[in-house]
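Thanks for taking a look at this one with me. Have the sequence and the 3D view open side by side as you read.

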Amino acid sequence: MNFWEAIVLIVIVTSVAKVFQAGLYSRSGRARRVTIDDKGKQTIIEHADNAETEIQNQRLNREVEELRERIKVLERIATEDRKARDLADEIESLRR
């Protein structure tokens with residue numbers, strides 16, 4: 001086998017491996033995306049299937065709503081009939 005035959009064989013093997021790998025990813029329900037930045041660096045991003053992502057999004061949305069409610073309560077507590085100076089003094093005493 002001469003040099004050029006070896007090069008062609010390497011290219012063929014690499015191409016077949018890439019096709020096989022893409023087929024495995026498509027059957028497993030995972031999407032795959034390759035991005036290339038300005039410097040030429042490749043980044044492979046894999047995405048789970050849509051149902052799993054939707055469940056995670058719903059959980060995160062519930063958590064954000066709970067945190068917003070907590071912030072509202074804290075704001076109400078912080079601004080109850082107190083003067084700004086009293087509140088600042090109390091915060092300063094807690095720091096010590």
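The points below go from the overall layout to individual side chains.

1. A word on the basis first. This is a predicted model, in which local features need pLDDT of at least 70 and side-chain atom pairs count only at pLDDT 80 or more, while totals for chains, interfaces and linings use all residues. Residues are numbered from 1 along each chain as its sequence is written, and side-chain values use heavy atoms, with hydrogens and water left out.

2. Let's start with the layout. The protein has three helices and two strands, and from the N terminus on they run α-β-β-α-α. Both kinds of element are DSSP runs numbered from the N terminus: helices are H or I with at least four residues, strands are E with at least two.

3. How much of the protein is buried? Of its 96 residues, 1% are buried. Here buried means under 20% relative accessible area, exposed means over 50%, and partly exposed is in between (1.4 Å probe, protein chains only).

4. The contacts are worth a look too. Among contacts in the protein with a separation of 6 or more, residues 24 or more positions apart account for 0%; a contact means heavy atoms within 4.5 Å.

5. As for the surface, the protein exposes about 9200 Å², and carbon and sulfur atoms supply 56% of it. Accessible areas come from the Shrake-Rupley method with a 1.4 Å probe, and for residues only the protein chains shown count as cover.

6. Now find the nonpolar patch on the surface, formed by F3, W4, I7, I10 and V11, with about 560 Å² of accessible area together. Patches are made of residues with over 30% relative accessible area and no salt bridge; like charges are joined within 9 Å, and nonpolar side chains (Val, Leu, Ile, Met, Phe, Trp, Tyr) within 5 Å. I10 is found in helix α1 (residues 3–27), and I10 counts as exposed because its relative accessibility is 54%.

7. The structure holds one aromatic pair. F3 and W4 form this pair, which is edge-to-face, at 5.1 Å centre to centre and with 75° between the planes. Rings of Phe, Tyr and Trp (its six-membered ring) pair if their centres lie within 6.5 Å; planes under 30 degrees apart count as stacked, over 60 as edge-to-face and the rest as tilted. F3 is exposed at 55% relative accessibility, and W4 is exposed with a relative accessible area of 62%.

8. How many salt bridges are there? The count comes to four, where a salt bridge is a side-chain nitrogen of Lys or Arg within 4 Å of a carboxyl oxygen of Asp or Glu. Among them is the one between E63 and R59, at 3.7 Å from N to O. E63 and R59 are four residues apart in helix α2 (residues 50–78), so about one helical turn separates them. E63 is partly exposed at 38%, and R59 is partly exposed at 41%.

9. Helix α2 also holds E69 and K72, three residues apart, about one turn of the helix. E69 forms a salt bridge with K72, with the closest N and O atoms 3.7 Å apart. At 43% relative accessibility, E69 is partly exposed.

10. Finally, turn to helix α3 (residues 84–95), where R95 and E92 lie three residues apart, about one turn of the helix. The closest N and O atoms of their salt bridge are 3.6 Å apart. R95 is exposed, with a relative accessible area of 64%, whereas E92 is partly exposed at 34%.
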